[in-house]
Amino acid sequence: MMDTNAIYVLWLREMKRFTRAKSRVIGILVMPLFFLLGLGLGLGGLVSHVGGESYLQFIVPGIIGMSLMSASIASGFSVIWDREFGFLKEIMVTPNSMASIAVGRMLGGTTTAMISATMVTIVSVLVGFQIHYSIMILLAIVFMVLIAMTFISLGLILASMITDLQGFGMITNFFTMPLLFLSNGLFPLSQFPKIVQYISYFNPLGYGIDGIRGTLGGVSAFPLALDLAAMVIVVVAMASFATYAFSKSEAGV
Amino acid sequence: MDVISVKGLTKKFGTLKAVDNISFQVKENEIFGLLGPNGAGKTTTIKMLITLLTPTSGEATIAGADIRKDKRKVRDSIGVVFQDPSLDDQLTGRENLEFHAILYRMDKSKRKKKIQDVLKLVELEDKADILVKNYSGGMKRRLEIGRGLMHEPSVIFLDEPTIGLDPQTRRHMWDYIQKLNTQHKTTLILTTHYIEEADYLCGRVAFIDHGKIVALDTPNALKEKMGGDIITLKIKGDLGKDIKKLKGISWVKAVSAHDDLIELTVEKGNERISEIVMFAKKHGIAISSVDLRKPSLEDVFIKYTGKTIREEEGTWRDRLRVRHMLMTGGRR
């Protein structure tokens, strides 16, 4: 059962908090920008081509994917934070379903992640990233939203199981670094043994980044339809499980 | 009509029985108090009633809705003021209230009016638009109490509503709570470990100790069960011997002692003081001061549980000070 009022108000709250927490906005943006400038321009001067295109052209979709992942998982922090500071109880005693509270959080998290991804994209274009077909931006946005929803769901699942902030930080690092390295995002996996490439086929971030690469840059490893199908399946599964896990979690009483 | 009906409610955490087979009813428009020391099971009881914790056994209904089977209906009719803070301190006071109002599906015009009313009631109108993180403890507490009542629930749960507040603000809170009860016809159930709070506010009080209700009645009826007034003697010298002597007086109903104080339970205490002083002189008991008072709820609590409600917190002098403060209307 969905309560639109609860979905709306949780989204609104996330927006208000996001615009107020300047340090959070900066924190979400700094890492991708370092990667963009450091790797894209610095390393890009040494690496002449990746699969027929410039290194900057190759790495920008990876960095957009990375920024989406880190911003999205971070929204799991706010769940733990709310539990820690008792605010979750206030929400839980209201006559609204936990599922709508989970959905409201997901929408709020997606919006903030999309804001940071948009900023990263704009900076990328400014430093020389070329968008091949501007109409494809719309499809690129779909891929970005799907990446965000995947990792917000992961954040919610982890936050429903882990109750302390430090533990949450450790576990998310444990997930994010391997996912990023095995995503084809920062470097092509074609140099690696076959087994690594097989493992990477199970990495949703890889399909998402490949989708962004195909839509914005015009070059992708897989057909876009495959990328899209894989991401939709992952999001449906992860979001359902996240809603379930969040509904079953306790207010920290 | 009973708004809350609790039957055999029990909650176990492992082998610990936090709440042990308690039953009580709360009538419409009543202020009902659960009084007991920290860790007695008050908050656990509340958490079960507000559907945040599933009971191990037993049942309860709130406004006719079962707390297990009909959680949503229960949540529709209750307001809760939690013991621990539960505000979003990144939002302003007004935004916290607005958030709450939307969660309870109030439409925009009603929301606006209600927020204004609540801010006025808890005297935070001029602070409404600052972030809650800049509020003082008392302001936060007031905002939480205001929030708990703004959707006009028929039952409000207050878990230690005035914990950590200074005496003046506490007094203020009591006024709000009473106003709610009389003007809005709200049923209130509150937990407290402040004796004076229960005495001042509650129509009926349940003493709760080790998860069980040990006594339940109106404050006056509970006090009458003590059977008389209490004369407190401050003694210099050997307490043990003096107690023995005092117990020998035929009209002294009970004698108890702590620190250098002896308490006598006596009917018509005001007429007996001179006799006691004379008795003391005759038997060599060195009295340095005498105090006469009506029995307090605390005395009743000691009678039922064998201990003071907050041995670690309140001394005899503190209690006297608070009592004095109450009688003079909150001024020191």
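In chain B, four antiparallel strands make an open sheet, in the order E2-E1-E4-E5. Two strands count as paired if DSSP finds at least two bridges between them. At the edges of this sheet stand strand E2 (16-27) and E5 of chain B, each with a single partner strand, so one side of each has no neighbour in the sheet. All of this comes from a predicted model, in which local features need pLDDT of at least 70 and side-chain atom pairs count only at pLDDT 80 or more, while totals for chains, interfaces and linings use all residues. Residues are numbered from 1 along each chain as its sequence is written, and chains are lettered from A and ligands numbered from 1 in the order in which they are written.

Now for a walk across that sheet. E1(B) and E2(B) are antiparallel and share eight bridges; in one of these pairings, B:Phe13 has B:Leu16 of E2(B) as its bridge partner. On to the next pair: strand E1 (residues 2-13) of chain B is joined to strand E4 (residues 57-62) of chain B by five bridges, again in the antiparallel sense. Here B:Ile4 has B:Ile62 of E4(B) as its bridge partner. B:Ile62 also stands opposite B:Ala65 in E5(B). E4(B) and strand E5 (residues 65-66) of chain B are held in antiparallel pairing by two bridges, and they form a hairpin with two residues between them. In that turn, B:Ala63 has a positive phi of about 50°.

B:Arg72 has 13 other C-beta atoms within 10 Å, so it ends up partly exposed. B:Arg72 and B:Thr51 are 21 residues apart in sequence, and their C-alpha atoms are 8.8 Å apart in space.

The chain is divided into domain 1 (2-222) and domain 2 (226-327), with bounds that come from an automatic or database domain assignment. Their C-alpha centres lie 35 Å apart. Between them, 14 residues of domain 1 of chain B are in contact with twelve residues of domain 2 of chain B, where contact means that the C-beta atoms, placed from the backbone, lie within 7 Å. On the domain 1 side, H7(B) gives the most, with four residues. By class, that side has ten nonpolar, one polar and three charged residues. Nonpolar here covers Ala, Val, Leu, Ile, Met, Phe, Trp, Tyr, Cys and Pro, charged covers Asp, Glu, Lys and Arg, and the others, Gly among them, are polar.

Another open sheet of chain B has four strands too, in the antiparallel order E12-E13-E11-E14. Its edge strands are strand E12 (252-258) and strand E14 (286-293) of chain B, each pairing on one side only. From one strand to the next, the twist averages 20°. Strand E11 (residues 229-236) of chain B runs antiparallel to E14(B), with seven bridges joining them; B:Thr232 has B:Asp291 of E14(B) as its bridge partner.

The two chains meet as well: 20 residues of chain A are in contact with 23 residues of chain B. On the chain A side, helix H1 (4-20) and helix H4 (87-92) of chain A each give two or more residues, and H1(A) gives the most, with eight. That side has ten nonpolar, four polar and six charged residues.

Lastly, the largest nonpolar core has 135 residues, and those with the most contacts inside it are A:Leu68, A:Met144, A:Ile147 and B:Phe157. Such a core is a set of buried Ala, Val, Leu, Ile, Met, Phe, Trp, Tyr and Cys residues joined through C-beta atoms within 7 Å. Helix H3 (residues 55-84) of chain A gives the most to this core, with 15 residues. Both domain 1 (2-222) and domain 2 (226-327) of chain B give residues to this core, so it lies between them.

Key
A residue is buried if 20 or more other C-beta atoms lie within 10 Å of its own, exposed if 12 or fewer, and partly exposed in between; C-beta atoms are placed from the backbone. Axes are lines fitted to C-alpha atoms, for helices over the stretch in contact, and angles run from 0 to 180 degrees between N-to-C directions.
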